[in-house]
Amino acid sequence: MARETGAFVLRDTSTNVVAGTGVYALPTRHLSTIHASIAGRCLDATNAQELEARDASWPDTTAPAVQPYPKRYCHDTDGMEQIRVYPKPNTGGGGVLALVMHQYPATVSEANSVVETPAPLREYFTFAALAEARNKESKGAMPEVGAWFQQMADLMLMAAKDYYGGAQ
């Protein structure tokens, strides 16, 4: 559900931007970025082709002292778990990298048995769990009932896609 809908959105401010550094690790469970800013200044999304067209030495470019903050960010240059800001911040251009992002929920386990989810999606998880339980091969298996619960879960997923939109 997290990969197909934009239902799990979080604002993360755990990354500090420092002068001379252009690549930062993304927060855990990051799926896609909706918005990025540094010290309250919005960053424009870009890709490597646009950066190359703009500046031949873009990986090493540092922001001028007059405007020490980065203006752009991209995800397609340093791997899936990192974000690059362009140009590299100059002295005085640091701050907090704030990301509004799609994320997937933490793995459910004995130690972490609660999934934080929007209230309208609670029924989705109920139907999906009941479908799995009734479709499992055992003495209590009820494939017809399991199929009905799965149809209800699929209906809830379609409604969530229409309401929340898709993740990027």
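This is a predicted model: local features need pLDDT of at least 70, side-chain atom pairs count only at pLDDT 80 or more; totals for chains, interfaces and linings use all residues.
Strands of a sheet pair through backbone hydrogen bonds, either parallel or antiparallel. Strand β1, residues 9-17, runs antiparallel to strand β8, residues 95-103, and the two are joined by seven bridges. Along this pairing, Asn16 of the model stands opposite Val96 in β8, and Val17 stands opposite Gly95 in β8. Strand β8 is also joined to strand β3, residues 30-38, by seven bridges, again with the strands running antiparallel. Here His30 is placed opposite Gln103 in β8.

A further open sheet has four strands in the order β2-β7-β6-β5, and its pairing is mixed. Its edge strands are β2 (23-25) and β5 (44-45), each of which has a single partner strand, so one side of each is left without a neighbour in the sheet. Within this sheet, β6 (residues 72-74) and β7 (residues 82-86) pair in the antiparallel sense over three bridges. Cys74 stands opposite Arg84 in β7.

Side chains of opposite charge can pair when their charged atoms come close. The structure holds two salt bridges. One of them links Arg72 with Asp44, and the closest N and O atoms are 3.9 Å apart. Because Arg72 lies in strand β6 and Asp44 in strand β5, the pair ties together parts that are 28 residues apart in sequence.

The helices were examined next. Two packed helices are described by the angle between their axes and the distance between the axes. Helix α2, residues 122-135, packs against helix α3, residues 143-164, at an angle of about 155°, and the axes are 8 Å apart. Angles over 145 degrees count as roughly antiparallel, and α2 and α3 are therefore roughly antiparallel to each other. Their crossing is left-handed. On the α2 side, the contact is made by Glu123, Tyr124, Phe127, Ala128, Leu130, Ala131, Arg134 and Asn135. On the α3 side, the contributing residues include Pro143, Val145, Trp148, Phe149, Met152, Met156 and Leu157. By class, the contact of α2 with α3 has 14 nonpolar, three polar and two charged residues.

Two backbone features in loops complete the description. Most residues other than glycine have a negative phi, and most peptide bonds are trans. Arg29, in the loop between β2 and β3, has a phi near 65°, which is a positive value in a residue other than glycine. The peptide bond from Tyr86 to Pro87 is cis, with omega near -15°. Pro87 is located in the loop between β7 and β8.

Conventions
Residues are numbered from 1 along each chain as its sequence is written. Side-chain values use heavy atoms; hydrogens and water are left out. Two strands pair if DSSP finds at least two bridges between them. Axes are lines fitted to C-alpha atoms, for helices over the stretch in contact, and angles run from 0 to 180 degrees between N-to-C directions. Angles under 35 degrees count as roughly parallel, over 145 as roughly antiparallel, 65 to 115 as roughly perpendicular and the rest as oblique. A crossing is left-handed if the near helix is turned anticlockwise from the far one by less than a right angle, and right-handed if clockwise. Contact means heavy atoms within 4.5 Å. Ala, Val, Leu, Ile, Met, Phe, Trp, Tyr, Cys and Pro count as nonpolar, Asp, Glu, Lys and Arg as charged, and the others, Gly among them, as polar. A salt bridge is a side-chain nitrogen of Lys or Arg within 4 Å of a carboxyl oxygen of Asp or Glu.
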